[in-house]
Amino acid sequence: MANKKMTIIASKGSLDMAYPPLILATTAASMDVDTTIFFTFYGLEIIKKGNADKLKVSPLGNPAMPMPVPIPTLIASLPGMETMATAMMKQMFNKHGVASIGQLLELAKEAGVKLIACQMTMDVMGVKQSDIIDGVQFGGAATWLDEAADSQINLFI
Amino acid sequence: MSADIKFDQFLDAKGMSCPLPILKTKKAVEALSKDQVLKVESTDAGSKNDMASWAKRTGNEIVKVEEGSGTFTFYIKKTA
């Protein structure tokens with residue numbers, strides 16, 4: 001029986017939104033599902049060299065963000081708040097034994113997850129192929145569609 | 001209560017969160033020979049269902065699951 005297939009479009013570059021694509025992709029690979037992640041727009045931040053563990057989370061525009069004390073939106077916009085929120089979230093992840101984005105990315109590569117960077121958004125945002133980590137292929141919508149058309153699961157994150 | 005099930009390898013996944021217990025289990029089972037048994041201990045409350053789904057998908061057999069004081073113990077036989 002042929003393996004099941006999954007594709008994920010990773011379009012977000014914040015710390016919290018980088019987790020779901022990588023958690024699902026690594027788990028899928030461990031369940032014998034052939035998986036492709038297509039990184040586009042801000043999702044490219046995840047696969048820029050040396051950037052995976054520098055992603056941030058913003059308390060702005062996110063009323064569900066857990067904070068030690070309720071923080072008014074105006075305060076949340078002050079310099080340093082993003083750094084603080086990011087440090088807090090990383091500490092929470094760490095305490096609960098959650099892998100870092102960099103670790104998950106390595107595990108995904110090791111498990112044979114196919115990584116594709118969107119060439120068009122790279123061009124628009126001035127990202128060079130040499131800015132992207134090794135082991136990533138470059139392509140566009142047709143590359144993703146070719147994989148997606150044979151997949152049982154296709155997610156946009 | 002400890003079981004009398006014999007196992008060939010042990011994986012300590014206590015303190016790890018999703019998806020690490022599954023990823024580590026996959027690697028450990030891959031290293032076994034057919035019909036060998038892996039014992040896994042996990043504290044992730046989601047791992048009870050996760051492990052069952054993983055085994056079903058990969059065609060491996062969970063011989064036994066034990067629960068006690070926040071720890072789940074799985075005996076997984078490599079059948080795939």
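Analyst: Let's start at A52(A), which sits in the loop between β2 (34-39) and α2 (73-76) of chain A. Helices here are DSSP runs of H or I with at least four residues, strands are runs of E with at least two, and both are numbered from the N terminus. Keep in mind that this is a predicted model: local features need pLDDT of at least 70, side-chain atom pairs count only at pLDDT 80 or more, and totals for chains, interfaces and linings use all residues. Residues are numbered from 1 along each chain as its sequence is written, while chains are lettered from A and ligands numbered from 1 in the order in which they are written.

So is A52(A) buried or exposed? A52(A) counts as buried because 21 other C-beta atoms lie within 10 Å. (The cut-offs: buried means 20 or more other C-beta atoms within 10 Å of the residue's own, exposed means 12 or fewer, partly exposed is in between, and C-beta atoms are placed from the backbone.) Leaving aside residues up to four places away in sequence, A52(A) touches I46(A), I101(A), G102(A) and L105(A); contact means C-beta atoms, placed from the backbone, within 7 Å. L104(A) is 52 residues along the chain from A52(A), and their C-alpha atoms are 9.5 Å apart.

That leads us to helix α4 (residues 101-110) of chain A, which packs against helix α1 (residues 15-30) of chain A at about 30°, with 9 Å between the axes. The axes are lines fitted to C-alpha atoms, for helices over the stretch in contact, and angles run from 0 to 180 degrees between N-to-C directions. α1(A) passes α4(A) in a left-handed crossing, meaning the near helix is turned anticlockwise from the far one by less than a right angle (clockwise would be right-handed).

Who meets whom? On the α4(A) side you'll find I101(A), L104(A), L105(A), L107(A) and A108(A), and facing them in α1(A) are A18(A), Y19(A), L22(A), I23(A), A25(A), T26(A) and A29(A). By type, that contact has 11 nonpolar residues, 1 polar and no charged. Nonpolar covers Ala, Val, Leu, Ile, Met, Phe, Trp, Tyr, Cys and Pro; charged is Asp, Glu, Lys and Arg; the others, Gly among them, are polar.

Stepping out to the partner chain, 11 residues of chain A are in contact with 12 residues of chain B. On the chain B side, α1 (20-30) and α2 (47-58) each supply at least two residues, and α1(B) gives the largest share, 4 residues. That side of chain B divides into 7 nonpolar, 3 polar and 2 charged residues.

Technical notes: Contact = placed C-beta atoms within 7 Å.
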